[in-house]
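Please have the sequence and the model at hand.

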Amino acid sequence: MRVAAAVNAWLEENRDIVIGWRRHLHAHPELSNLEVETTKFISDVLKGHGLSPVPFPGTGLYVDVGPSEGERLTFRGDIDALGVPELTGLEYASNTPGVSHACGHDIHTTIVLALACALASIQDELDHGIRLIFQPAEEVMGSGAVDVIEWGGLNNVAAIYALHVEPHLRVGQIGVRAGAITSAADIISLEIKGPGGHTSRPQMTADVVYALGAVITQLPALMSRRVDPRTGTLVVFGNVAAGIAANAIPEHGILRGTVRTADIATWRTLETKLTEMIDQIIAPTGCSYTLDYQRGVPPVLNDDVATSLIVAAGRSIDPHAVVAAQQSSGGEDFSWYLEHVPGSMVRLGAWSGKGPKQDLHQGDLNVDERSIGVGVRLFATTIDKYFAAVAEDGGEL
């Protein structure tokens, strides 16, 4: 059967209900690993449509639709929010102080939830099983994706898809890129220590502030010489703190930042190289240091075949919908799934076409709700394209 036609019909009948789900989620954001009420809401909706969600040991859940035997085509939605105050002034704005869906995860969740409920209405007619994953904790290092994999979320999964709202693309556009579409992202925290002293006698101590400054200026420059610049490797600092008095050299200082790269082979060597460079920079200052290097996520490496199928789906909906996506320097834990199974993540246009384009992780982000229908239709059409490709290859996922 044509899944997309049935899902589109369901969506037309239930559009207001689906928008209501999104607005409820938007008004009730929960931080990573604390998505208790969000999980309950999703579960209740799924059960109300005759499905049997499987909760993860922490927060989040998955649900299977269609035949139980064989491997499954899978779609992921992330359910957590950010510690960013909402500034939109919407009637359904966040009612949790300091927390909001400033990354659009409420849209992602709603798309996957609507897809699950639409598929529930035709699950006896599906040729193959489909899994919908509602993943917690995408926004934190440690990664909810790693937990989902450990909890068996990828068991019997043949391929996986996801999307992310893109406020720089107009609603209806779909940004696609085979290969790396995001970058690896690690966090570094460097504490530098010395005996302290008076600024009139820097030669009698080890100058912590000078050492911090040397790392701030020299490490990014050295990185561009020690690592192939074509990999897009960046060191950028977001926090530096040392001392309180203008005439006193402090005993310690802190420097924090991120290390990003578009190349997975480079990512695997970065911690060693960066440690060597920091050691070489600080050694002449006489200071000591402690480096805390937190490994984050690898780049999202979209599979060529999986990407070609979602491209075909997008173009069948609108011949002009698919546009080339640039590689982002941001990190995304969807990458961990692609270490195990093929799949693809795309950018979903979220700009209304009116007013200035906004950005993710900003309190004034206001995603156009028409993007929900676009996302649901895109995933439903991808199912049709995927099943058709499977049939040509012999009928097994």
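The model is predicted, so local features need pLDDT of at least 70, side-chain atom pairs count only at pLDDT 80 or more, and totals for chains, interfaces and linings use all residues. Residues are numbered from 1 along each chain as its sequence is written, and side-chain values use heavy atoms, with hydrogens and water left out.

The structure holds 15 salt bridges. A salt bridge here is a side-chain nitrogen of Lys or Arg within 4 Å of a carboxyl oxygen of Asp or Glu. The table lists pairs among them.

| Pair | N to O distance |
|---|---|
| Arg22 and Asp106 | 2.8 Å |
| Asp78 and Arg76 | 3.1 Å |
| Glu339 and Arg268 | 3.9 Å |

Arg22 and Asp106 meet in a salt bridge. Arg22 is in helix H2 (residues 15-27) and Asp106 in helix H4 (residues 105-120), so distant parts of the chain, 84 residues apart, are linked. Helices are DSSP runs of H or I with at least four residues, strands are E runs of at least two, and both are numbered from the N terminus. Both Arg22 and Asp106 are buried. Buried means under 20% relative accessible area, exposed over 50%, and partly exposed in between (1.4 Å probe, protein chains only).

Asp78 counts as buried because its relative accessibility is 0%. Arg76 is also buried, at 2%.

Glu339 forms a salt bridge with Arg268. Glu339 lies in the loop between helix H9 (334-338) and strand S16 (343-351), and Arg268 in helix H7 (residues 264-282), so the pair ties together parts 71 residues apart in sequence. Glu339 counts as partly exposed because its relative accessibility is 40%.

Shared partners join Arg22, Arg23, Asp106 and Glu369 into one salt-bridge network.
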